[in-house]
Amino acid sequence: MNKKLVLDQSRLLGFKLLVKDPGNPFAGSAMIGKVPAPVGAKVGKIPAAALIGAKVGKVDRAQVAFSSIIGAKIGKVA
Amino acid sequence: MNLSFSFPPNGERARYLDSRMRSELANSIDYLGQALDDQLGEKPPGLAELGERLKRGDLYPPSTFGLYYEISSALMYGDHASAADLFRELSLERPITPELKIVTLDQIVPPSKLARYQRLMDTDSETPFHIMPPQPDEAGKPVERFRAAFERLQKAVPALAEEFEAIIREVILVVGDKSNGYDFAGGSCYLLWGALFINAEQHATDVAMIEAMAHESAHSLLFGFTIEEPLVENQGDERYTSPLRDDPRPMDGIYHATFVSARMHWAMSRLLESNRLSSEEISLVVASREADRRSFWNGFETVRQYGKLSETGNKLMASAYDYMSPFQRA
């Protein structure tokens, strides 16, 4: 495929959130419930099987903006 | 249905939000197919059938949503080779049955799906977040613990359990990579609608697990409301103190944390009223509820001062405020 595909983001779930406010690329709104790791916590290793098929995605401004707006929300441990 | 913004859990509304999210996915899938055919003469295998199945109400797993987002991103950046690979994966997605599935991360198959869950949960460039399966010798226990706590939730706070089951399709038990110096309680992702990740090493008691269910499902509820507009319109580089995190967060994160704190307070209050707690559990619930109360008001003050809320954001936060108003003091 050499011809560029033109997509109307306002017709795409999730991406339409960017259209309303294109100059608003919040960063880092993926909420992770962080707490300091306890002393002596075991450092886990990602099993090799988990990486099979993993693809390194391209990251550019729009993708960061998108993932930031509606990225992971992760609860903090009190 | 006239969408209600009322604060307490509402199973009918949750089923509507889930149905609406799936309908939006169907429309988006149809649009991608139409655009590819019209502009490039391409017809990805299985795409039209997937759109039809979604429109007739077949229930697809969170991974289908994840694939859709990755395909859309790849097409937008002109990475048609990756898009073609992802379309092939998408054509292999199959409908699921509606009952709640509770699994550990290593039970997610195939490996490409497991990797997708890990990737899409690791979207915060400022805070790397690696999820991994629980250790094999503990694999059975987290599932049993979650299931036991959920059964208690169904008896003690049935409205929350009903809302939970209307939106959450997969509970995935994981552990975190603590090499970055932090751990986590649980998580969810807009890009994986219907998935909820719980840290198997946390939540040692049923009360803690139930509070985690209230917490994480409230995030998912907010996702369900967030289709046509975001909850807040603040700039992404603005940072504020969060009631639930020790690092400065964007306003969207503060908003979520504030709302879910109110929901956690609500859940703990209903647990107390249920008369189904031991005396030790009552102490835990009272302490948790007080922490939730403080978290809400801390977060609300930040949202009130600095938040630029959309109409949706205003309505939802107003309902949380109305619920929490009687609890401004300990």
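## Exercise 1: Placing a residue

Ser91(B) belongs to helix 4 (residues 80–91) of chain B, where helices (H or I, at least four residues) and strands (E, at least two) are DSSP runs numbered from the N terminus. The model is predicted: local features need pLDDT of at least 70 and side-chain atom pairs count only at pLDDT 80 or more, while totals for chains, interfaces and linings use all residues. Residues are numbered from 1 along each chain as its sequence is written, and chains are lettered from A and ligands numbered from 1 in the order in which they are written.

**Task.** Classify the exposure of Ser91(B), and state which residues Ser91(B) touches, not counting those up to four places away in sequence.

**Solution.** 
Step 1. A residue is buried if 20 or more other C-beta atoms lie within 10 Å of its own, exposed if 12 or fewer, and partly exposed in between, with C-beta atoms placed from the backbone.
Step 2. Ser91(B) has 14 other C-beta atoms within 10 Å and is therefore partly exposed.
Step 3. Two residues are in contact if their C-beta atoms, placed from the backbone, lie within 7 Å. Leaving aside residues up to four places away in sequence, Ser91(B) touches Pro45(B) and Gly46(B).
Step 4. Gly46(B) is 45 residues from Ser91(B) along the chain, yet their C-alpha atoms are separated by 5.1 Å.

## Exercise 2: A second residue

**Task.** Determine where Ala291(B) is placed and how far apart Ala291(B) and Phe87(B) are in sequence and in space.

**Solution.** 
Step 1. Ala291(B) is in helix 10 of chain B.
Step 2. Because 18 other C-beta atoms lie within 10 Å, Ala291(B) is partly exposed.
Step 3. Between Ala291(B) and Phe87(B) there are 204 residues of sequence separation and 46 Å of space, C-alpha to C-alpha.

## Exercise 3: Two chains described

**Task.** State the secondary structure of chain A and of chain B, and decide whether the radius of gyration of chain B agrees or disagrees with that of a compact globule.

**Solution.** 
Step 1. Chain A has three helices and two strands, in the order α-β-α-α-β along the sequence.
Step 2. Of the 78 residues in chain A, 38% are buried. Among its contacts between residues at least 6 apart in sequence, 86% join residues at least 24 apart.
Step 3. Chain B has 11 helices and six strands, and 51% of its 330 residues are buried. Here 73% of the contacts between residues at least 6 apart in sequence join residues at least 24 apart.
Step 4. The radius of gyration is taken over C-alpha atoms, and the globule rule is 2.2 Å times the number of residues to the power 0.38. For 330 residues a compact globule would have a value near 20 Å; chain B has 20 Å, so the two agree.
Step 5. Along the principal axes, the C-alpha atoms of chain B fill a box of roughly 65 × 50 × 40 Å.

## Exercise 4: Backbone exceptions

Most residues other than glycine have a negative phi, and most peptide bonds are trans.

**Task.** Describe the phi of His203(B), the phi of Asn275(B) and the peptide bond from Val109(B) to Pro110(B).

**Solution.** 
Step 1. His203(B), a residue other than glycine, has a positive phi near 60°. His203(B) lies in the loop between strand 6 (195–199) and helix 8 (206–225) of chain B, and counts as buried because it has 22 C-beta neighbours inside 10 Å.
Step 2. Asn275(B), also not a glycine, has a positive phi of about 55°. Asn275(B) sits in the loop between helix 9 (251–273) and helix 10 (279–306) of chain B, and with 8 other C-beta atoms within 10 Å is exposed.
Step 3. The peptide bond from Val109(B) to Pro110(B) is cis, with omega near 0°. Pro110(B) lies in the loop between strand 1 (101–104) and helix 5 (111–120) of chain B.

## Exercise 5: A helix pair

**Task.** At what angle do the axes of helix 9 and helix 10 of chain B cross?

**Solution.** 
Step 1. Axes are lines fitted to C-alpha atoms, for helices over the stretch in contact, and angles run from 0 to 180 degrees between N-to-C directions. The axes of helix 9 and helix 10 of chain B come within 8 Å and cross at roughly 150°.
Step 2. Helix 9 of chain B is therefore roughly antiparallel to helix 10 of chain B (angles under 35 degrees count as roughly parallel, over 145 as roughly antiparallel, 65 to 115 as roughly perpendicular and the rest as oblique).
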